[in-house]
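Colleague: I am new to this structure and would like a close look at one part, the sheet and what surrounds it. Please take me through that part step by step.

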Amino acid sequence: MYQLVYFPIRGRAEHIRLFFEDLKIPYESKVITFEEWGKYKPEHSGTKELPFGQLPVLRDDQLYLSQSGAIARHLARKHDKYGKTEEEKALNDMLYDMTVDIHSIYLKHIYDPNRKDKMDTFVQEAKGKLELVEKFVQRRTKSQYLVCDEPTLADYYMYEVLDILAREVKTILESYPKLQAIHAQMKSRPNIAAYLKSERRFDKPVPVSDS
Ligand SMILES: N[C@@H](CCC(=O)N[C@@H](CS)C(=O)NCC(=O)O)C(=O)O
């Protein structure tokens with residue numbers, strides 16, 4: 001069985017959890033608390049269990065993988081969620097990497113202690129990217145998800161990032177009907193809907209500093 005090691009947050013592992021959950025792929029979720037991390041990191045960094053000193057790490061039998069993108073792509077290849085044609089695979093990669101960029105904007109913002117004052121810049125930056133993705137996906141009106149009529153890896157990640165953006169700014173998806181529809185479709189997939197309600201889900205918002 002796969003083992004996914006991560007902190008008790010959504011962070012850089014949630015799209016991997018969503019992937020496992022939606023496809024009903026059995027996995028063990030090994031949670032390292034931030035308190036445990038202080039000891040775990042120096043003890044394991046550079047060993048096969050923690051190759052690059054950061055989480056997430058996926059264990060697949062004797063293979064220990066670091067880097068969320070490498071983990072997600074490994075799973076997508078193994079479980080046939082990369083796209084069928086060469087074009088779909090390339091677009092899946094392109095949209096996954098664009099999602100990394102949007103996620104980075106969010107992560108930079110969310111951990112900024114002065115984020116309340118910088119909301120406009122954040123919204124502008126995120127919306128600039130969303131607009132381009134919306135335009136791109138609209139041009140491919142035939143497909144129901146980002147690249148084809150079933151979810152590929154990019155959809156799990158895009159869903160997660162759209163969801164955290166909308167948690168930060170409720171109305172942020174309103175101008176993007178195609179992205180909004182993909183978000184709603186992913187959210188209502190039965191295994192995902194069940195997971196979102198389950199105890200396995202970590203969903204604590206990052207508190208806003210009052211200082
Ligand atoms: N590029 C890496 C970044 C991994 C990363 O930044 N992990 C953070 C948590 S999201 C971490 O392990 N932080 C603790 C530390 O660096 O000590 C990935 O996508 O997996």
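Modeller: Two strands are said to pair if DSSP finds at least two bridges between them. Helices (H or I, at least four residues) and strands (E, at least two) are DSSP runs, numbered from the N terminus. The model is predicted: local features need pLDDT of at least 70, side-chain atom pairs count only at pLDDT 80 or more, and totals for chains, interfaces and linings use all residues. Residues are numbered from 1 along each chain as its sequence is written, and side-chain values use heavy atoms, with hydrogens and water left out.

Start with Leu 4, which stands opposite Ser 29 in β2. Strand β1 covers residues 2-6, and its pairing with β2 is parallel, over 5 bridges. These strands belong to an open sheet of 4 strands in the order β2-β1-β3-β4, where the pairing is mixed. At the edges are β2 (27-31) and β4 (63-66), each of which pairs on one side only. From one strand to the next, the twist averages 20 degrees. Helix α3 (residues 68-78) packs on this sheet and touches β1, β3 (57-60) and β4; contact here means heavy atoms within 4.5 Å. The direction of α3 makes about 130 degrees with that of β4. Axes are lines fitted to C-alpha atoms, for helices over the stretch in contact, and angles run from 0 to 180 degrees between N-to-C directions.

In the loop between β4 and α3 lies Gln 67. Its phi is positive, about 75 degrees, although Gln 67 is not a glycine. With 47% relative accessibility, Gln 67 counts as partly exposed; buried means under 20% relative accessible area, exposed over 50%, and partly exposed in between (1.4 Å probe, protein chains only).

The loop between α2 (34-44) and β3 holds Pro 56. The peptide bond from Leu 55 to Pro 56 is cis, with omega near 10 degrees.

Lys 24 is a residue other than glycine with a positive phi, near 55 degrees. It counts as exposed, because its relative accessibility is 65%. Helix α1 itself has 9 of its 9 residues buried, so α1 is largely enclosed by the rest of the structure.
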